Structure formats: C-alpha cells, structure tokens
Amino acid sequence: MKNKMLLLGDEAFALGALHSGLSGAYAYPGTPSTEILEYIQGHPLTAERRIHSHWSSNEKTALEEALGMSFCGKRAIVSMKHVGLNVAADPFVNSAFTGANGGMLVVVADDPSMHSSQNEQDSRFYADFALLPLLEPSTQQEAYEMAGYGFEMSERLGVPVVVRFVTRLSHSRGVVETVVEPREQNGLHYPENTRQWVLMPGNSRVRYRQLIEDYAKMKAEAEKSPFNAWRDGTDTRLGIVVSGLAVNYLDEIFPNGSCPFPTVKISQYPLPKDTLHRLADSVDELLVIEEGQPYIEQHLRGTLDNGPVPIRGKLDGVMPRTGELTPDDIRVAIRSLAPQLATLGEVVVPEPSKIVVPRPPALCQGCGHRDVYAALNEVLAGYENPKVFGDIGCYTLGWLSPFNAIDTVVDMGASITMAKGAADAFQHPAVAIIGDSTFTHSGMTGLLDAINENSPITVIISDNLTTGMTGGQDSQGTGKLEDICRGLGADPAHVRTIDSHPRNHADLMALFKEEIDYQGVSVIVARRECIQTARRHAKQKK
C-alpha cells in the first residue's frame, strides 16, 4: 500500500531518505538545495527517531560530519548547492578513498542559468573525478526512489554515492507515491577494515588501486540500473541520448512514447557504455540532450570519435551551451537534424510583455544592510580610490543601484582575504563587507591571516542574525561574533559593535571613519535583525 503526495523534488528526496532509515542530515543552506534539510527538520519522523538535522557551519564540515556518521554504520546525507561542493572538495574526493560504511549520499543541486549562483558548473564532473557513482533523477518520483536505492548501493559498493539535482527539478512539484512503513535505522557497526579510513600514503595507495577496481563494478551497476532505460524507435536516422530533467522535455515534445527515434535515458553514472555503443551501432547520427555542461557528449566523443556515427549536441552548437534547456531548444535541435518530421510544431518566441516590466532584485525596505551601505558610501566619498570587497549574501545586492557600493564578489569568504591582498598591495582604504553566516562559513580563517599580519583593513560584518538570503535559517555565529573575532586575536579595542538603524546614521559614519583610519585590523559588527525574520518572530509572539 502506498500514499500519494505532491512534493518538490527536494522534498521528495528528503522524504525518501527519511523512509530509508536515515539517521543524520547535514547541510549548509544554498539555493536550490535548501529545502532538503528544511523538510527533514519539519517532518515528525525526525523528532520521533532523533534524526540529526541541524545546519552546519559550511559544506566541508557538513560532509565530514556525514562521513563520521557513515563510519559508525548509520545512514547519512549531506546536501549543498553546486558551488558548495567546491568548499567540500577536500573531504569529498578523499571520501572515495575512505569509502562508506553506513550508506552515505552526497546531494548536490546544480543551478543552470545561474538563478542564484556565481557559475554554472556541472557536478557530474566531480563524481567522475573522484571515481564515485552518481544518480540523476528525472522526476520527483525518481528523486524519492533514488534515496533508498542510493543508500543500498553505497553500502553494497562501500563508497559514497552522489545525487545530482538541478534547479528546475528541485523547485518543481510532482505527484509521488510513497511507502507507508519506513525502514528502520541501522544499528551501530564499524568498518571491518579501518586501515582505509586512515589516509596515510601507504594505506591510500592500496585503497586507490582498490577504488579503480571497484569502478568497474560501478560501471556494471549502471548497465543494469532500473533508472537507465532503452526506448525503441522506428526511425534510425537519429538516436537520442537524454539525461535527468531533460527527459521530461523530450516527453513533452513526443508525448505517450511517440518519439520515433531510438533513445537511451541516463540517470545513473558512470555512463553505461555498452548500451551507448549499442545505440551508436544502430543509428546514423547521435543527439545528446543534457542539462548543464556537455558531460555525456564529451565522454561519447572520447569513446566514439572516429567511430560509427557523428555526435551532435552542445559542443557543435546544435544545443545551447549555456543556461537551462527548454522544450523549444530540443524541438529546434531535432528539427535541424530531422527535417522530415513535420509534426514537431513551430517554435513561437513570445514578444516581451508590455505590462510586466522586469524588476531587478533589491534589498528589502527596512533592511539593515541598506543603512550600512548608505553610511559607508558617504564616508568613502571622502577618500581617494577606496575599494570595497564584497561577499555572498543578501548584502551582495549592494552592488546594484542605488548603492553601487561593492567592487568585487567572488565566492564565500573572499571579501576579507581579497581586502587583505589589496592591503598587501598598499591599497587604502581596503574594506571587506561580509554577513554573519558567511563569516562563520569561511571568513574566520581569512580574518586570522589579516590579524597575524596586522593588515590595515576594515572588516564590516553586517549581522542580520540569520542566514537571510536562503530563507532565514539559523546562523552559526549568532551571539558569538565579537567573541570569535577577539578569540582569533583581534585587538578588543578595534572590535566594535553598533546597531545599524537609520537613527544611528551619524554614529555609524563616525565609527566607519575612525576604523578606516586605523592602521591595522578592525572589525565592525553592524547588527540589525533581518526585517523578514523580525516579522516572523513578531507573528510567533502574537
């Protein structure tokens, strides 16, 4: 017996993990992955089974915590957005060497079109690089089922398993059939061979040879995976390889299984090369349809170049190289390769709306970041060639009008380190602005570098008491920021705190001027609660 629920892709996976004996969920909030941990936090099974579901300081700590739970035989997931995997890359790659004991899933949500991200990287390359298997759901139902399947595969193969989402699947809803009786959690049990968990060179060399041997098993698993599928077709002038979310777009163009071309659906990696060779041997030309970068296409070109068929896709311009795919993209590509199909319909590009005017994002009215930028801009107008190094968070919007207050934004934590590097080049003023959550995520080590050299930089921590950009999750540094800075060695006389309220505008300006003129490291905590969380807290009190 099963239940039916309407769920986001993120929620479907989270529920699948809960129903598959999950013991711990670890994450740092980042769109489009945030809803995975939020759903687990709000589910009654989490409290009933005492499942760990707290936010971590960053993606690296989250992955290491999940790995520690796996070591103890329990099932764990760690979730993050694609750029978060860059932060977690060190333990991620090494986790392939340690292996997994309890099932461990590394869930990464990619963001094609960069809706809320700095880049468009494709996490499939990370799994390939680390020699780990990867699952890529096409639907919310597959997202639910892949949680349990992934745990079982992780325990069977003894390695972590990567699960790749994209924004459109994470944040769209679908009907999901779920089991009624959740699986019990694993009991505590420890690895039979603990040597492989100590990555000293002698152990790692042995483990690397084993990992390469085990990769053949991962390939065999992909060949027989229930999530990879061969679809017959009568027109062999073209063969299609389609993966993940793009399967839905192909099905929209050819509903009810009406696609005339032989097709291979890919949702489990390493690529099932035997199946792909079979397809290539039976058609005149191959079209690769995949969301993200040309991962499959590059592998096919490496495998099949100078082989039986030409390969078409993103690399030759048949499919768009950047942004999210659409059904129209696929329709145009298929029409260019198979003009004999008159039933595809025309691609109609709508004219821009004359009613709805595009509106860029902006800081909320009443946001404390606004008052920080207003005061900072006034103060810096009195200096020749000031530079402000920004960071990742709501306050990044200070780059836009009307403030135009930031000169650089690169990645989480880069504000402080770039300001230090600029000061090393004798830039003055060199100001870093960073949020409270980003500071504890990856700003503390940069501040320690600056403190050790007493770099003449001004660090503004714009503290809104939450992780505001991703919806108001708990911030790890709440109530601790000043103590952290002093504990790192900052001069207590130059760790200053002020309420960033409009009524304190003159005091804020005076404080900025004083600390910018100080020839050493100064930290200003400009604190005011996020207007959105303040409203929620007010409602809760009522």
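This is a predicted model: local features need pLDDT of at least 70, side-chain atom pairs count only at pLDDT 80 or more; totals for chains, interfaces and linings use all residues.
Residues are numbered from 1 along each chain as its sequence is written, and side-chain values use heavy atoms, with hydrogens and water left out. Helices (H or I, at least four residues) and strands (E, at least two) are DSSP runs, numbered from the N terminus.

Helix α10 covers residues 201–223, and its 23 residues should span 33 Å at 1.5 Å a residue, which agrees with the 33 Å between its end C-alpha atoms. The expected span is 1.5 Å times one less than the number of residues. Asn-203, Ser-204, Arg-207, Leu-211, Asp-214, Tyr-215, Met-218, Glu-221 and Ala-222 are the buried residues of α10. Buried means under 20% relative accessible area, exposed over 50%, and partly exposed in between (1.4 Å probe, protein chains only).

## A pocket and a cavity

Pockets and cavities are found on a 1 Å grid over the protein atoms alone. A cavity is a set of points where a 1.4 Å probe fits but cannot get out, and a pocket is an open set with protein on both sides within 12 Å along at least five of seven lines; lining residues have an atom within 4 Å of a point. Grid points are joined across faces, edges and corners, and a volume is the space filled by probe spheres set on the points. For residue classes, Ala, Val, Leu, Ile, Met, Phe, Trp, Tyr, Cys and Pro count as nonpolar, Asp, Glu, Lys and Arg as charged, and the others, Gly among them, as polar.

The second largest pocket has a volume of about 300 Å³. Of its 14 lining residues, Asn-193, Gln-196, Trp-197, Arg-207 and Gln-210 lie nearest the centre. Helix α10 gives the largest share of this lining, four residues. By class, the lining of the second largest pocket has five nonpolar, six polar and three charged residues. There are two cavities of 30 Å³ or more, and the largest cavity holds about 40 Å³ of space. The lining of the largest cavity consists of Arg-124, Ala-127, Asp-128, Leu-132, Leu-134, Tyr-215, Tyr-269, Pro-270 and Tyr-295. Its largest share, three residues, comes from α7. Seven residues of the largest cavity's lining are nonpolar, none is polar and two are charged.

## Buried sites in the first part of the chain

In helix α2 (residues 34–42), the buried residues are Thr-34, Ile-36, Leu-37, Tyr-39 and Ile-40. They pack against β1 (2–8), α1 (9–18), β2 (22–27), α3 (44–49), β3 (75–81) and β4 (104–110). Gly-21 is in the loop between α1 and β2, and is buried with a relative accessible area of 0%. Not counting residues up to four places away in sequence, Gly-21 is in contact (heavy atoms within 4.5 Å) with Arg-49, Arg-75, Arg-183, Glu-184, Gln-185 and Asn-186.

Ser-95, in helix α6, is buried with a relative accessible area of 0%. Leaving aside neighbours within four places in sequence, Ser-95 contacts Leu-67, Leu-132 and Pro-160. Ser-95 and Pro-160 are 65 residues apart along the chain, and their C-alpha atoms are separated by 7.0 Å.

Ser-415 lies in helix α16 (residues 414–424) and counts as buried at 0% relative accessibility. A polar contact of 2.5 Å joins the side chains of Ser-415 and Asp-391. A polar contact is a pair of N or O atoms within 3.5 Å; within protein, one must be able to donate a hydrogen and the other to accept it, and residues adjacent in sequence count only if both atoms are side-chain atoms.

Ser-455 is in the loop between α17 (436–453) and β16 (458–463), and is buried with a relative accessible area of 3%.

## Backbone features

The peptide bond from Ser-401 to Pro-402 is cis, with omega near 10 degrees. Another cis bond runs from His-428 to Pro-429, with omega near 0 degrees. Arg-50 is not a glycine but has a positive phi of about 55 degrees, and is exposed with a relative accessible area of 77%.
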